[in-house]
Amino acid sequence: MKMAKTIRKQAQTAERVASTTADAIVANQMRSLARAFRSQADILKKKEKKKKK
């Protein structure tokens with residue numbers, strides 16, 4: 001499995017945890033972690049595309 005896909009799965013997991021947790025602070029931290037994972041996956045995807053060209 002490619003790294004970007006793995007990171008996106010981690011983002012989904014973080015979002016799922018954020019929606020199920022009762023603590024608002026932890027939920028916000030998980031959502032920001034998910035955003036960070038998605039940005040990291042986007043950057044990796046762009047780097048892969050540049051390499052192919």
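Visitor: Which residue forms a salt bridge with arginine 8, and how far apart are the closest N and O atoms?

Guide: A salt bridge is a side-chain nitrogen of Lys or Arg within 4 Å of a carboxyl oxygen of Asp or Glu. In this predicted model, the partner of arginine 8 is aspartate 42. Their closest N and O atoms are 2.7 Å apart. Arginine 8 lies in helix H1 (residues 3-20) and aspartate 42 in helix H2, so the pair ties together parts that are 34 residues apart in sequence.

Visitor: Is arginine 8 buried, partly exposed or exposed, and what is its relative accessibility?

Guide: Buried means under 20% relative accessible area, exposed over 50%, and partly exposed in between. Arginine 8 has 34% relative accessibility, so it counts as partly exposed. Aspartate 42 is partly exposed too, with a relative accessible area of 35%.

Visitor: How many salt bridges does the structure hold?

Guide: Two. Besides the pair above, glutamate 15 forms a salt bridge with arginine 38. Here the closest N and O atoms are 3.6 Å apart. Glutamate 15 lies in helix H1 and arginine 38 in helix H2, so this pair ties together parts 23 residues apart in sequence. Glutamate 15 is partly exposed, with a relative accessible area of 29%. Arginine 38 counts as partly exposed, at 33% relative accessibility.

Visitor: How far is glutamate 15 from leucine 33, in sequence and in space?

Guide: Read the two distances side by side. Glutamate 15 and leucine 33 are 18 residues apart in sequence. In space, they are 8.5 Å apart, C-alpha to C-alpha.

Visitor: What are the two distances for arginine 35 and glutamine 12?

Guide: They are 23 residues apart in sequence and 9.8 Å apart in space, again C-alpha to C-alpha. Arginine 35 is found in helix H2. Its relative accessibility is 52%, so arginine 35 counts as exposed.

Visitor: Which residues gather in a patch of positive charge on the surface?

Guide: Look for Lys2, Lys45, Lys49, Lys52 and Lys53. Take lysine 52 as one of them. Lysine 52 lies in helix H2 (residues 24-52). Lysine 52 is exposed, with a relative accessible area of 67%.

Visitor: How many positive and negative side chains does the protein have?

Guide: Lys and Arg count as positive, Asp and Glu as negative. The protein has 16 positive and 4 negative side chains. The centres of the two sets lie 10 Å apart.

Visitor: Now the overall fold. How many helices and strands are there in the protein?

Guide: There are two helices and zero strands. The radius of gyration is 13 Å, well over the 10 Å that the globule rule gives for 53 residues, so the protein is more spread out than a compact globule.

Visitor: What does the C-alpha trace span along its principal axes?

Guide: About 45 × 20 × 10 Å.

Visitor: What share of the 53 residues is buried?

Guide: Apply the cut-off from before: under 20% relative accessible area is buried. Buried residues make up 17% of the 53 residues.

Technical notes. Residues numbered from 1 in each chain as written. Predicted model: local features only at pLDDT ≥ 70, side-chain atom pairs only at ≥ 80, totals over all residues. Heavy atoms only, no water. Patch = residues over 30% accessible without salt bridge, like charges linked within 9 Å, V, L, I, M, F, W, Y side chains within 5 Å. Areas by Shrake-Rupley, 256 points an atom, 1.4 Å probe, with all protein chains shown as cover. Charge placed at Lys NZ, Arg CZ, Asp CG, Glu CD. Helix = DSSP H or I, 4+ residues; strand = E, 2+ residues; numbered from the N terminus. Buried < 20%, exposed > 50% of the residue type's maximum accessible area, 1.4 Å probe, protein only. Rg over C-alpha atoms; globule rule 2.2 N^0.38 Å.
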